[in-house]
Amino acid sequence: IFENQIFCIIEDITERIVAEEKIKESERLFKALINNIAVPVACYDANTMKCVFINKPFIKTLGYQLHEVRHFEEWYSKLAYTDKEVRHKDSLIWQKAVEDRRNRRSTEVALFERPVRCKDGSIKLFEISFTVNENLVYGLFKDITQQKQAEALLKESEQRFRTLAED
């Protein structure tokens with residue numbers, strides 16, 4: 001009954017191909033955006049604690065390459081935050097903020113102001129904001145070192161001026 005017959009099943013996959021291309025284009029645009037903004041960005045997997053991405057400004061500002069920050073907790077504890085007491089306190093606050101966002105208890109962007117040791121040994125003050133999407137944590141590191149130094153100088157100058165004006 002099926003002798004000398006060929007059966008063929010044809011499935012239209014046009015929609016799937018178009019959808020895959022849109023995803024690829026979206027990924028290309030996202031990578032271009034992240035790599036070309038001036039703010040250092042790092043992304044790590046909250047399940048594995050492995051850094052999956054850092055952008056060029058992260059490398060330039062902090063001096064670390066991806067392989068040096070790959071294991072987030074190791075980078076955090078041995079390189080970036082050498083003060084054990086501060087590190088422990090910050091770690092608990094950070095973990096709670098990440099979990100709150102992963103469990104949808106908070107949808108706001110978290111914001112921390114923290115000193116971070118750069119690869120060259122210098123300490124820079126960063127305003128670190130992050131958000132969580134599924135298990136990925138996206139952190140932006142805005143260097144506010146010069147801003148804080150300028151604020152301190154201004155405050156000192158204002159104090160000297162007050163002292164002179166009072167005399």
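Start by selecting F58: this residue is buried, at a relative accessible area of 1% (buried means under 20%, exposed over 50%, partly exposed in between, with a 1.4 Å probe and protein chains only). A word on what you have open: this is a predicted model, where local features need pLDDT of at least 70 and side-chain atom pairs count only at pLDDT 80 or more, while totals for chains, interfaces and linings use all residues. Residues are numbered from 1 along each chain as its sequence is written, and side-chain values use heavy atoms, leaving out hydrogens and water.

F58 and W75 make a tilted aromatic pair, 6.1 Å centre to centre with 55 degrees between the planes. (Rings of Phe, Tyr and Trp, the last by its six-membered ring, pair if their centres lie within 6.5 Å; planes under 30 degrees apart are stacked, over 60 edge-to-face, and the rest tilted.) F58 sits in helix α2 (residues 56-62) and W75 in helix α4 (residues 72-80), so their pair ties together parts 17 residues apart in sequence. (Helices are DSSP runs of H or I with at least four residues, strands are runs of E with at least two, and both are numbered from the N terminus.)

Next, show α4 alone. Its buried residues include F72, W75, Y76 and A80. They span an arc of only 100 degrees around the axis, which puts them on the same side of α4 (the arc is taken from the directions from the helix axis to the C-beta atoms). What do the buried residues of α4 pack against? Look for β1 (41-45), α2, α3 (66-69), α5 (84-102), β3 (110-117) and β5, where contact means heavy atoms within 4.5 Å.

Turn to the strands. The open sheet has five of them in the order β2-β1-β5-β4-β3, with antiparallel pairing (two strands pair if DSSP finds at least two bridges between them). β2 and β3 are the edge strands, each pairing on one side only.

Zoom in on β1 and β2 (residues 50-54), which pair in the antiparallel sense over four bridges. Select C43 and you will find F53 as its bridge partner in β2; D45 stands opposite K50. The two strands form a hairpin with four residues between them, and M49 in the turn has a positive phi of about 60 degrees.
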